[in-house]
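This briefing goes through one protein chain, topic by topic. Please keep the sequence and the model open while reading.

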Amino acid sequence: MSHTPGTINDRTWPAVLPLALADFIAYWRALPSAAGGVPPKAAVDPLQIPHHLLPHIGLVEAQPAGDLAAGAKLNLRFRLLGTGHRRATGRDYSGRRFDDLYTPEQVLAFEQEYRAILLGGQPSFARRSSLKQNREFIIFQRVLAPLLDECGQPRHVIGYWHWENLES
């Protein structure tokens, strides 16, 4: 795991996932799938998401400015983030574009990560840290999984964030 003061960036899947992350993966895999086993966004029904997962679910929209596979810029935007995100970070990022929230270097890294998820068709794990408004770092484990748009193109990512050092 790479570790620098105040940050964690590890994409290695742990031997045992926290139960909620395992539940999220099971939920995503149980969705009716389309091309390559990837479910469409339309299959996500908030009423069918297990209740205990809802506060920590997020949905990201990816709008490529050209061919996704050719490396076109991805315009990433948080479509929605559950109430667990606001509680953990002290902020609401729902509706916000990554370009407005992060440095150009961070945006580029996110674009590469999300592109791999969208094109790979499989969930991705990461363990990271995030800065809260009070300048305190919080640590989370996160699984992101691709979703298809109404035309069958990979354009959405659904995820679950498990905040390690916060009280439930």
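The buried residues of helix α4 pack against β3 (57–64), β4 (74–81), α3 (98–101), β5 (124–131), β6 (137–148) and β7 (154–163). The model is predicted.

**Overall layout**

- The chain has four helices and seven strands.
- Read from the N terminus, the order of elements is β-β-α-β-β-α-α-α-β-β-β.
- Of the 168 residues in the chain, 43% are buried.
- Among contacts with a separation of 6 or more, 54% are between residues 24 or more positions apart.

**Helix α4**

- Helix α4 covers residues 104–120, which is 17 residues.
- The buried residues of α4 are V107, F110, E111, E113, Y114, R115, I117 and L118.
- In an α-helix there are 3.6 residues a turn, so residues three or four places apart point the same way.
- After α4 comes G121, which has a positive phi, near 75 degrees.

**R115, a buried charge**

- R115 is located in helix α4.
- Although buried, R115 has no salt bridge. The nearest side chain of opposite charge belongs to E111, 4.1 Å away. A salt bridge requires nitrogen and oxygen within 4 Å.
- Apart from neighbours within four places in sequence, R115 contacts L68, G71, A72 and L74.

**Nonpolar cores**

- The largest nonpolar core has 21 residues, and V60, L74, L76, F98, Y114 and V157 touch the most other members.
- Two or more residues of this core come from each of β3, β4, α4, β6 and β7. Helix α4 gives the largest share, five residues.
- A second, separate core holds 18 residues, including F24, L31, A145 and I158.
- What does F98 touch, not counting residues up to four places away in sequence? The contacts of F98 are V60, L76, R77, F78, V107, F110 and Y114.

**Aromatic pairs**

- There are ten aromatic pairs in the structure.
- One of them joins F140 and W163 in a tilted arrangement, with 5.1 Å from centre to centre and 55 degrees between the planes.
- Because F140 is in strand β6 and W163 in strand β7, this pair ties together parts 23 residues apart in sequence.
- F140 counts as buried at 9% relative accessibility, and W163 is likewise buried with a relative accessible area of 9%.
- F78, Y93, F98, Y102, F110 and Y114 are linked into a cluster by ring pairs.

**Salt bridges**

- The structure contains ten salt bridges.
- R79 and E61 form a salt bridge with the closest N and O atoms 3.6 Å apart. R79 lies in strand β4 and E61 in strand β3, so the bridge ties together parts that are 18 residues apart in sequence. R79 is partly exposed at 36% relative accessibility, whereas E61 is buried at 10%.
- R142 and E113 also form a salt bridge, with the closest N and O atoms 2.7 Å apart. Since R142 belongs to strand β6 and E113 to helix α4, the pair ties together parts that are 29 residues apart in sequence. R142 is buried at 2% relative accessibility, and E113 is buried with a relative accessible area of 4%.
- E164 and R127 meet through their side chains in a salt bridge of 2.7 Å, N to O. E164 sits in the segment after β7 and R127 in strand β5, so parts that are 37 residues apart in sequence are tied together. At 29% relative accessibility, E164 is partly exposed.

Conventions. Residues numbered from 1 in each chain as written. Predicted model: local features only at pLDDT ≥ 70, side-chain atom pairs only at ≥ 80, totals over all residues. Heavy atoms only, no water. Expected span 1.5 Å × (residues − 1). Buried < 20%, exposed > 50% of the residue type's maximum accessible area, 1.4 Å probe, protein only. Contact = heavy atoms within 4.5 Å. Phe/Tyr/Trp six-rings, centres within 6.5 Å; stacked < 30°, edge-to-face > 60°. Lys, Arg positive; Asp, Glu negative; His and termini not counted. Core = buried A, V, L, I, M, F, W, Y, C linked by side-chain atoms within 4.5 Å.
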